[in-house]
Amino acid sequence: MASLQRASTGHLKWCEHSLDVCPKIFSLITISPESQILRSPIGAEAKVASSSHGSSSPGESYDIGSEQDPLYSNIWPPTGVQDGFQETISSFFAVCYEAELMILDAISIGLGLPVHSLRELHTAQTNELRLTHYPEVDRADFANATRIAAHTDFGTITLLFQDNVGGLEMEQPPGSGVFVPADSGGPHECIVNVGDCLQMWTGLHSARHRVHLAKSENQGNMVPARFSIAYFAKPDRAALLRPLLDSLVDNSKPVQKVLTANEFQHMRIEGTFQHFYAVWTGREKTWYQDLHRQYGPLVRCGPNHLTFNDLNLIPVVYHRQSDKTDYPQDFTCPGAATNKASYLEYAAAKRQFGQAFSVSRVQLFEGLVDENLIKWVSILNEETHKNPSVDWGTWVKYFSFDVYVPMSVGESFGFLDHKSDVRNMLQSSYRIFRQWTLSRYRPIAWLAANTSLGRRLFVSGRDDPTGMGMWTTEVHDITQKRIKTSTTKEKPRWEHSMLDQWLATKSATGEGIPLSDIEDQLVSDVLGGPYALATTISHLVTTMAKHPEAVRRAHQEIDDAFAQQTLSTPSPTYTECCALPFIDACVREAMRITATASPRWRCSPDRPLRLLDGDARQTGPCVS
């Protein structure tokens, strides 16, 4: 007789002491290396888990499916290599399928559904059996890796058989981000996990789990090898993932497309790798837009990543106490406020740096803005007389850098004066931003943070003379120069810069801001600030150009103001411009519609995150 033991929400233990086939299966795993073939798309569960949630330690696996599967054929060891393997595994697969159906019937009865409700959605045996061997590994490797990273399984239920080594951990309670050991009872015990499809049908929590360092292992430097078998019970590919319980149906919600099990699995698998491709090719924005057009305002675009396009959710996700996820951080400017993952650390850094961004401080640079604006318009007039078509994107960046950089460090790089990319600094910034964008993709972030090869490939460090190194060196040299000139009373071209203010800032105890933090913040500002300014100006100009009536109305408002002598000449002040209601509204609308920078992913808070339909989403996923 089998006995069921509830372990935690999302999984249970099934102790079946007559299931003596397990030890035999573990002994048969030691087949020849040429037979260790990953059967595609079999094994996608683990592949997506490791690619989406950090690093997993090395392992080998062998996967099979049903012999009746019309789409994918099994790959068996060659004749003469463990000849009993195919027969044993095939019979075990059949035993697991029988157990699957019994468990599904029990769940149906327990939820008050007709007894075969779930069984009828699993007739095609599109299931997967994965045999996994984790080799012995140094205990120190677990500082930055797990044997299998945290994830949920795609299918309905998973039957997991494991040896006595242990290491399986379940998130408990669901959404908490806290993992507790699921102690191993040995090869005669089966752990049953709830999968994503069963959650969508019944509301039972899909069990988020990982394989980590077993808590009982407290001797020696090496973690022993581990063997496991996972039977992924999956619905028929054409099965519809609509709620089976009336209590899960909200008739007040707009009807959305119901996914088939096959569509859902491919969305989960492809979402991870398509996201990487979209980031790599610079099509991330289009990729998100396509997902929302197809699936609605809230999309799970990766196993642990939700994305939304409903403006009402902005204050829900991007509130003042929302933490950034741990991986989309810039590796080379840790002292900058924008790179603080914790909202508490960000708030503390903002108190140090924030005053320099106040309106009263920025207004000190009106002369700088006026000077560069007159210069920029003059150059554009000159260039358009030569050629009616000009590269607007380049010129708006030249203007933005020549305004923002002096505000930050008190000196200009002189892009407008040279009418060119001075020392290829803009070109180097493109490279840096590409790497920053890629760093939001978690596997790349992990590689960059934990391996020298990853840092060389994906991080433009301070020793990179063609990337981040160029900018950090520039900022460092300017900072040192300013410190020296401050003792001689020599003034920079533009006084009251952010650098000046931060060098002069003292805490209540008389301590200044660490110089390394100041330089980190300045590098972040002189790279990000000009692009944010250029984005806002470009969007305002292009949007106005699409609406000639708005341009005429803006011209009329300016003409009327000059006629009434409420605008100064040749350059109106900031306060005077704010008194032009239509133009002020146009600027605010441009800033509202288009983000000046890519928003950082946020963590779901420690309480359930309620999105759109009022459903409580589990904590843990990153949201953007």
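**A guided reading**

Reply: We may begin with a contact between two helices. Leu 368, Val 369, Asn 372, Leu 373, Trp 376, Ile 379, Leu 380 and Glu 383 of H10 meet Trp 392, Trp 395, Val 396, Phe 399, Asp 402, Val 403, Pro 406 and Met 407 of H11, where contact means heavy atoms within 4.5 Å. By class, this contact of H10 with H11 has 13 nonpolar, one polar and two charged residues. Here Ala, Val, Leu, Ile, Met, Phe, Trp, Tyr, Cys and Pro count as nonpolar, Asp, Glu, Lys and Arg as charged, and the others, Gly among them, as polar.

Please note that this is a predicted model, in which local features need pLDDT of at least 70 and side-chain atom pairs count only at pLDDT 80 or more, while totals for chains, interfaces and linings use all residues. Residues are numbered from 1 along each chain as its sequence is written, and side-chain values use heavy atoms, with hydrogens and water left out.

Me: At what angle do the axes of H10 and H11 cross?

Reply: An axis is a line fitted to C-alpha atoms, for helices over the stretch in contact, and angles run from 0 to 180 degrees between N-to-C directions. The axes of H10 (residues 366-386) and H11 (residues 392-409) come within 10 Å and cross at roughly 160°. H10 is therefore roughly antiparallel to H11; angles under 35 degrees count as roughly parallel, over 145 as roughly antiparallel, 65 to 115 as roughly perpendicular and the rest as oblique.

Me: How do the axes of H18 and H21 cross?

Reply: The axes of H18 (residues 515-545) and H21 (residues 581-593) come within 9 Å and cross at roughly 115°. H18 is therefore roughly perpendicular to H21. In this contact, Thr 536, His 539, Leu 540 and Met 544 of H18 meet Cys 586, Val 587, Ala 590, Met 591 and Ile 593 of H21. Its residues divide into seven nonpolar, two polar and no charged.

Me: How many helices and strands does the chain have?

Reply: Helices (H or I, at least four residues) and strands (E, at least two) are DSSP runs, numbered from the N terminus. The chain has 21 helices and 19 strands.

Me: Which strands are joined to S13 by bridges?

Reply: Strands of a sheet pair through backbone hydrogen bonds, either parallel or antiparallel. Two strands count as paired if DSSP finds at least two bridges between them. S4 (residues 128-134) runs antiparallel to S13 and is joined to it by seven bridges; Tyr 134 has Arg 226 in S13 as its bridge partner. S7 (residues 157-162) is also antiparallel to S13, with six bridges, and Leu 159 has Tyr 231 in S13 as its bridge partner.

Me: Why is S13 described as largely enclosed?

Reply: Buried means under 20% relative accessible area, exposed over 50%, and partly exposed in between (1.4 Å probe, protein chains only). Seven of the eight residues of S13 (residues 226-233) are buried, so the strand is largely enclosed by the rest of the structure. Of the 624 residues of the chain, 48% count as buried.

Me: Is Met 102 buried or exposed?

Reply: Met 102, found in H3 (residues 85-110), is exposed, with a relative accessible area of 54%.

Me: Which strands stand at the edges of the open sheet?

Reply: Four strands form this open sheet in the order S6-S11-S8-S9, with antiparallel pairing. S6 (148-151) and S9 (179-181) stand at the edges, each with a single partner strand, so one side of each is left without a neighbour in the sheet.
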